[in-house]
Amino acid sequence: MDSSGGTPGCMGQCTSFLRSHKGTVLALEIGLCIIILICYGASWTPGYTGLAIFEMVFSIVFFIIYTLGLNKQLAFVHWGWSDFIRAVIGALLFLITSLIVVIRHRDGAGIAAGVFGLLAGILFAYDAYITFPTLRKTHTAAPTESPEAV
């Protein structure tokens with residue numbers, strides 16, 4: 001018997017968010033960051049792991065916030081702009097560092113990390129692209145009184 005009173009549990013919320021477009025993109029970002037971490041760990045120069053860790057942690061945080069609906073409860077933060085800025089910074093940094101890695105390094109794991117980093121940069125740019133239209137809300141004018149009512 002379901003004692004939750006019809007509300008979905010934590011796993012139900014997680015799976016329903018994973019089925020959404022934004023949930024799928026965030027899950028792919030987390031997965032690519034893990035793959036990049038593994039590749040950099042096997043590389044001769046693991047100095048670029050900080051970016052993958054940073055973006056993975058922030059993607060997990062935003063995944064949890066959107067899954068639990070905290071973006072509606074904590075209204076003092078504009079979650080749309082925060083997510084957009086996170087995605088733009090992630091896209092730029094992944095593209096820059098991945099190009100550096102692909103051009104300079106000769107070991108296979110480093111090149112693989114660079115290629116996956118390029119894919120992550122494209123995915124983060126796509127995330128920013130799908131987040132931007134949600135920021136452009138239509139502005140409704142405030143109601144004003146007519147001069148006859150005063």
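1. The accessible surface of the protein chain comes to about 9400 Å² (Shrake-Rupley method, 1.4 Å probe). Carbon and sulfur atoms hold 72% of that surface. Buried residues make up 34% of the 150 residues (buried means under 20% relative accessible area).

2. This is a predicted model, where local features need pLDDT of at least 70, side-chain atom pairs count only at pLDDT 80 or more, and totals for chains, interfaces and linings use all residues. Residues are numbered from 1 along each chain as its sequence is written, and side-chain values use heavy atoms, without hydrogens and water.

3. The chain has 6 helices and 0 strands (DSSP runs: H or I of at least four residues for helices, E of at least two for strands, numbered from the N terminus). Among contacts with a separation of 6 or more, 72% join residues 24 or more positions apart (contact: heavy atoms within 4.5 Å).

4. Look at α1 (residues 10-18) and α3 (residues 49-68). Their axes come within 9 Å and cross at roughly 110° (lines fitted to C-alpha atoms over the stretch in contact; angles run from 0 to 180 degrees between N-to-C directions). The pair is therefore roughly perpendicular (65 to 115 degrees). Q13, C14, F17 and L18 in α1 meet F63, Y66, T67 and L68 in α3.

5. W81, I85, I89, L93 and F132 make a nonpolar surface patch of about 430 Å² (nonpolar side chains joined within 5 Å, each residue with over 30% relative accessible area and no salt bridge) (salt bridge: Lys or Arg side-chain nitrogen within 4 Å of an Asp or Glu carboxyl oxygen). Helix α5 (residues 79-104) gives the largest share, 4 residues.

6. W81 lies in helix α5. W81 counts as partly exposed because its relative accessibility is 39% (partly exposed lies between under 20% for buried and over 50% for exposed).

Notes: Patch = residues over 30% accessible without salt bridge, like charges linked within 9 Å, V, L, I, M, F, W, Y side chains within 5 Å. Buried < 20%, exposed > 50% of the residue type's maximum accessible area, 1.4 Å probe, protein only. Parallel < 35°, antiparallel > 145°, perpendicular 65-115°, else oblique.
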